[in-house]
Amino acid sequence: MLIETETTPNPSTLKFLAGRTVMDAGTRDFATPEEAEASPLAEALFALGDVEGVFYGRDFISVTAAPGSDWRDLKPQVLGVLLDHFAGGAPLFRMGGNGIEVAADDQEFGEDPADADIIDQIKDLIDTRVRPAVARDGGDIVYRGFSKGTVYLAMHGACSGCPSSTATLKQGIEQLLKHYVPEVTDVRAI
């Protein structure tokens, strides 16, 4: 089995392509070892000691190195864990956990039912134009809410903590949404 690696805009994160489907649907972000207990693979990656984030996309896994870690030392260890996992046919999640990331309750942002058409347009743009581009960089951006002209998005994987994420959010995503949905006045990461 060959696992390819790609750099991401976030220098702390590498994208690992296993040449197979990782997640059938959705994504999953593990920001702590406690969260990783739901997945034997994520737990094994955190157990390396120099990992501070694991993200599962459709056909890739992004791993974020802890501050002070050197990818020259960590990369072979991560590859070893990934190879052992996939070659052994181990499950991605423990019993009862399908791992699909669930969006936060939209009511948290006070969404107005009158904005339903606007929200549908925003979600469609994010799903068709933003998420595929972000996935190529080893991350994901998920819609979380819309209120009074502001779109709230959650950033996962390589996007979380990336030095260029603010520019991507403001100069890329915000401009795209404002262009197609004039009711959008601001975009914020939560």
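**Where Val184 sits**

Between which helix and which strand is the place of Val184? In this predicted model, for which local features need pLDDT of at least 70, side-chain atom pairs count only at pLDDT 80 or more, and totals for chains, interfaces and linings use all residues, Val184 has its place in the loop between helix 5 (165–180) and strand 8 (186–189). Residues are numbered from 1 along each chain as its sequence is written, and side-chain values use heavy atoms, with hydrogens and water left out. Helices (H or I, at least four residues) and strands (E, at least two) are DSSP runs, numbered from the N terminus.

Val184 is buried, with a relative accessible area of 3%; buried means under 20% relative accessible area, exposed over 50%, and partly exposed in between, for a 1.4 Å probe and protein chains only. Leaving aside residues up to four places away in sequence, Val184 touches Ile122, Phe146, Gly149, Val151, Leu177 and Lys178, where contact means heavy atoms within 4.5 Å. Gly149 is 35 residues from Val184 along the chain, yet their C-alpha atoms are separated by 4.6 Å.

**Overall form**

The protein has five helices and eight strands, and from the N terminus on its elements run β-β-β-α-α-β-β-α-α-β-β-α-β. Its radius of gyration is 17 Å, close to the 16 Å that the globule rule gives for 190 residues, so the protein is as compact as a globular protein of that length; this radius is taken over C-alpha atoms, and the rule is 2.2 Å times the number of residues to the power 0.38.

Along the principal axes, the C-alpha atoms fill a box of roughly 50 × 35 × 25 Å. Of the 190 residues, 45% count as buried, and among contacts between residues at least 6 apart in sequence, 60% join residues at least 24 apart.

**The nonpolar cores**

A nonpolar core is a set of buried Ala, Val, Leu, Ile, Met, Phe, Trp, Tyr and Cys residues joined through side-chain atoms within 4.5 Å. The largest has 26 residues, and those with the most contacts inside it are Leu41, Leu45, Val54, Tyr56, Ile61 and Leu82. At least two residues of this core come from each of strand 2 (13–17), helix 2 (40–46), strand 4 (51–56), strand 5 (61–65) and helix 3 (71–88), with helix 3 supplying the largest share, six residues. Apart from this core lies another, of 21 residues, among them Ile126, Ile173, Leu176 and Val187.

**The largest pocket**

On a 1 Å grid over the protein atoms alone, a pocket is an open set of points with protein on both sides within 12 Å along at least five of seven lines, and its lining residues have an atom within 4 Å of a point. The largest pocket has a volume of about 260 Å³, a volume being the space filled by probe spheres set on grid points that are joined across faces, edges and corners. Of its 18 lining residues, the closest to its centre are Thr27, Arg58, Phe60, Arg131 and Ala135. Helix 4 (116–136) and strand 6 (139–147) each supply at least two residues of the lining, and helix 4 gives the most, with five residues.

**Two further residues**

Lys148 lies in the loop between strand 6 and strand 7 (150–157) and is exposed, with a relative accessible area of 79%. Although Lys148 is not a glycine, it has a positive phi of about 50°.

Ala116, found in helix 4, is partly exposed, with a relative accessible area of 37%.

Key. 1 Å grid on protein atoms, 1.4 Å probe; cavity = no way out; pocket = protein on both sides within 12 Å on 5 of 7 lines; lining within 4 Å.
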